[in-house]
Amino acid sequence: MSIIPFTLSGQDSFENKILGTWEHEKPNKDPELLLRTNSYVDSTITETSIYLFQKDGVLDIKESYGQFKTNYTVSDSTLKLGSRSYKILELSDNTMTLEEFGDLVLFKKMLNFKRTETQIEPIQGEEKISEIFENGNPKVFGLKENGFKNGIWIEWHENGQIKSISYYNNEAPLMIMKFDKEGVLLSKQWYDLNSNSYRTD
């Protein structure tokens with residue numbers, strides 16, 4: 001398929017056309033991970049993502065597992081979502097088709113969107129999560145940035161003893177320590193940069 005870049009101008013600019021809420025459906029199983037096995041793949045099961053494009057290059061994405069924020073930019077017929085780049089193949093009032101490209105992209109992904117009336121509330125860029133038990137003792141405390149767990153998260157047992165201490169980087173757990181109800185350390189797991197793997201004590 002040949003790609004013909006196009007440019008929108010004036011009142012009909014891409015920045016104005018993309019604003020609002022779009023729906024994207026994708027198979028639960030990503031074909032690029034299957035590497036042509038002989039087993040049957042059920043690609044008819046889909047999950048839906050909601051994209052809310054806002055002014056000033058802010059995008060909220062709601063997936064089945066949660067909601068997060070990222071930035072987007074537009075340059076001619078290229079849309080950049082976070083660190084990924086997409087060529088705009090089609091754009092109308094109600095449909096949009098994108099194709100991922102880049103030096104590290106082995107499998108070109110086609111993303112098909114349709115405009116939707118489904119609404120989502122934008123999340124905060126930085127949010128403190130703090131929960132307590134019915135007895136008033138703390139239950140969990142941590143920080144989310146753009147919808148992802150970041151920094152130190154602490155979880156408690158109902159009796160007030162610490163249950164776990166974790167350190168996250170964009171939702172990826174780099175260190176987890178677990179304790180029993182008496183405060184005794186049960187296990188420690190951390191990500192070792194030298195071996196590029198998790199280690200456990």
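Two strands pair if DSSP finds at least two bridges between them. Strands (E, at least two residues) and helices (H or I, at least four residues) are DSSP runs, numbered from the N terminus. In these terms, K80 stands opposite S85 in strand 6. The model is predicted: local features need pLDDT of at least 70, side-chain atom pairs count only at pLDDT 80 or more, and totals for chains, interfaces and linings use all residues. Residues are numbered from 1 along each chain as its sequence is written, and side-chain values use heavy atoms, with hydrogens and water left out.

**Overall make-up**

- The protein has 15 strands and one helix.
- Of its 201 residues, 29% are buried, where buried means under 20% relative accessible area, exposed over 50%, and partly exposed in between (1.4 Å probe, protein chains only).
- Among contacts (heavy atoms within 4.5 Å) between residues at least 6 apart in sequence, 32% join residues at least 24 apart.

**Confidence**

- The mean pLDDT of the protein is 85, and 85% of its residues reach 70 or more; pLDDT is the predictor's confidence in each residue, from 0 to 100.
- Over residues 1–12 the pLDDT stays under 50, and the model has 19 contacts beyond four places in sequence for this stretch.
- Residues 31–41 also have pLDDT below 50, with five contacts in the model beyond near neighbours in sequence.
- Where pLDDT is low, the predicted coordinates should not be read in detail.

- Strand 5 (residues 78–81) and strand 6 (residues 84–91) run antiparallel and are joined by four bridges.
- These two strands form a hairpin with two residues between them, and G82 in the turn has a positive phi of about 60 degrees.
- Strand 6 also pairs with strand 7 (residues 95–101), in the antiparallel sense over six bridges.
- Three residues lie between strand 6 and strand 7 in their hairpin.
- The bridge partner of Y86 in strand 7 is E100.
- S85 lies in strand 6 and counts as buried, at 18% relative accessibility.
- Beyond its neighbours within four places in sequence, S85 is in contact with L79, K80, E99, E100 and F101.

- Seven strands form an open sheet in the order 9-10-11-12-13-14-15, with antiparallel pairing.
- Strand 9 (126–132) and strand 15 (197–200) stand at the edges with a single partner strand each, so one side of each is left without a neighbour in the sheet.
- On average, neighbouring strands of this sheet are turned by 10 degrees against each other, direction ignored; axes are lines fitted to C-alpha atoms, for helices over the stretch in contact, and angles run from 0 to 180 degrees between N-to-C directions.
- Within the sheet, strand 10 (residues 138–145) pairs with strand 11 (residues 148–156) in the antiparallel sense over five bridges.
- F141 stands opposite I154 in strand 11.

**Loop residues with positive phi**

- D76, in the loop between strand 4 (66–75) and strand 5, is a residue other than glycine with a positive phi, near 55 degrees.
- The relative accessible area of D76 is 56%, so D76 is exposed.
- E171, in the loop between strand 12 (162–169) and strand 13 (172–179), is likewise not glycine and has a positive phi, near 80 degrees.
- E171 counts as partly exposed, at 37% relative accessibility.
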